Amino acid sequence: AAINGVSAVVVSGDVSALEELARRCETDNVRARWIDVDYASHSAHVDAIREPLLEALAAIEPQSSSVALFSTVTGELTDTAGMNADYWYQSIRRTVQFETAVRSARDAGHRVFIESSPHPVLIAGIEETLTDEAFAIPSLGRDDGGLERFWLSVGQAHAAGVSVDWRAAFEA
């Protein structure tokens, strides 16, 4: 389902096959854990919703962005004008290419990665993929949110070399 880092992958599919894989992992002392989800995304299980999803998203009119986007669908720099309904279907159907996208961003010169999520589970994948070549900064964490966490993250980004307009932050 996802390649998140050098040693972090997610597998998706039929429950019986996943249970067998989990047993084999346990036998071979390979760390494996279940992710609590309602459906097997990034597998053939989402094929059933393809047509309804394409229909629901048909009105999307994507445009190019001035901000670089490294797609986890392709692992490459992507023109956001191509992020149509089929792109979004592919994003839940295909294997997530997170590690490849991180490497592509690094190869393009990016060195600071900020994970914007309620729980920064991808920080380890970034750090493991890029070792000491980059900074990985969480925006939130389990039981670690709010304005104080935000300012800490901004400070970490600044210390890592990101230009921060502090005037906007301290205007009355």
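**Strands, core and ring pairs in a predicted model**

Biologist: How do strand S1 and strand S2 pair?
Modeller: S1 covers residues 2-5 and S2 covers residues 8-10. Strands are DSSP runs of E with at least two residues, helices runs of H or I with at least four, numbered from the N terminus. Two strands pair if DSSP finds at least two bridges between them. Here there are three bridges, and the sense is antiparallel.

Biologist: What should I know about the model and the numbering?
Modeller: This is a predicted model: local features need pLDDT of at least 70, side-chain atom pairs count only at pLDDT 80 or more, and totals for chains, interfaces and linings use all residues. Side-chain values use heavy atoms, with hydrogens and water left out, and residues are numbered from 1 along each chain as its sequence is written.

Biologist: Why does Tyr 87 count as buried?
Modeller: Buried means under 20% relative accessible area, exposed over 50%, and partly exposed in between (1.4 Å probe, protein chains only). Tyr 87 counts as buried because its relative accessibility is 12%.

Biologist: Which class of aromatic pair do Tyr 87 and Trp 88 form?
Modeller: Rings of Phe, Tyr and Trp (its six-membered ring) pair if their centres lie within 6.5 Å; planes under 30 degrees apart count as stacked, over 60 as edge-to-face and the rest as tilted. The whole structure holds five aromatic pairs. For Tyr 87 and Trp 88, the centres are 5.1 Å apart and the planes stand at 85°, so the pair is edge-to-face.

Biologist: Which helices do Trp 151 and Phe 170 link?
Modeller: Their pair is stacked, 6.2 Å centre to centre with 10° between the planes. The two residues lie 19 residues apart in the chain. Trp 151 is in helix H6 and Phe 170 in helix H7 (residues 166-170).

Biologist: Which ring does the charged end of Arg 50 sit over?
Modeller: A charge sits over a ring if NZ of Lys or CZ of Arg is within 6 Å of the ring centre and within 35 degrees of the ring normal. The charged end of Arg 50 is 5.4 Å from the centre of its ring. That ring belongs to Tyr 89.
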